[in-house]
Amino acid sequence: MIVNRIGDVFLLAACIFFLIRFDSVDFLILKGLMLYIVEYLNDFVFFFFNYTFLGVLGIFLFIGAMSKSAQLGLHTWLPDAMEGPTPVSALIHAATMVTAGVYLVLRFSFLYEHVFYVMCFIIIIGGLTCFLPAILGAFQYDIKKIVAYSTCSQLGYMFFSCGFSNYHVAFFHLVNHGFFKALLFLSMGSVIHALNDEQDLRKMGNSLNFLVFTFLAIFIGSFALLGFPFFSGYYSKDLLLELTVVRYHFLGIFIY
């Protein structure tokens, strides 16, 4: 609750700024206005800081997206939310709620294209979120928390892709990820039920004999998540990384 409230405060502040400046929070109206008065908005300095009005709006919106999509610094709520029922995890934490932050950035692409330093900020946060939660997940014993940390990592991929203006590929990976991550969550739920609600990996083993179908589902979901050739994750994740490295930008090479 508290971590999400931090993001909500920044999101609300951005909405208030939109209302003060444009008298609207409608995407079509905002997009139309920004196309015409972007130079004027970039001349406006926010209070005493050397940031433009669009830059401040971009950062505020991104912090809102960070809390919703569990990016580094505001990611702690997602592994803790794994206490809920597994079908809920599959629906909310793979396909709908946590991807809302990425969707917000996608919808505001017309704003971010005008503020380069905010794009760099998104790239750095996305890149770090790719890397660090993936390492944290390797040290977890709770079977669902491993998948939750993996979700944080995959959302980082989508964010840095948005930072490099590859919005279409980020959206492609968002949809793809929803399917194979929901499959993994439901498979973990199957394992937990079969082992009498046990979630500790250290107390599991030799389940293949009576969980053959679940094993196959986890196998397919894991390989898709890895980006193994000819599995669904390969087509979006690999493309995303290829488009990152061909930017010929220092951050592109670094993130790759």
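Reader: Which element gives the largest share of the lining of the largest pocket?
Author: That is α9, with 6 residues. This is a predicted model, where local features need pLDDT of at least 70 and side-chain atom pairs count only at pLDDT 80 or more, while totals for chains, interfaces and linings use all residues. Residues are numbered from 1 along each chain as its sequence is written, and side-chain values use heavy atoms, with hydrogens and water left out.

Reader: Which residues lie nearest the centre of the largest pocket?
Author: Ile146, Ser150, Leu184, Leu225 and Leu226, out of 17 lining residues. A pocket is an open set of points on a 1 Å grid over the protein atoms alone, where a 1.4 Å probe fits, with protein on both sides within 12 Å along at least five of seven lines; lining residues have an atom within 4 Å of a point.

Reader: OK, new topic. Which residues of α12 are buried?
Author: Gly233, Ser236, Lys237, Leu240 and Thr244 are buried, meaning under 20% relative accessible area with a 1.4 Å probe, protein chains only. They lie on the same side of α12, because they cover an arc of only 90 degrees around the axis, taken from the directions from the helix axis to the C-beta atoms. A helix here is a DSSP run of H or I with at least four residues, numbered from the N terminus.

Reader: And what do they pack against?
Author: The buried residues of α12 pack against α9, α10, α11 and α13, where contact means heavy atoms within 4.5 Å.

Definitions and conventions. Buried < 20%, exposed > 50% of the residue type's maximum accessible area, 1.4 Å probe, protein only. Helix = DSSP H or I, 4+ residues; strand = E, 2+ residues; numbered from the N terminus.
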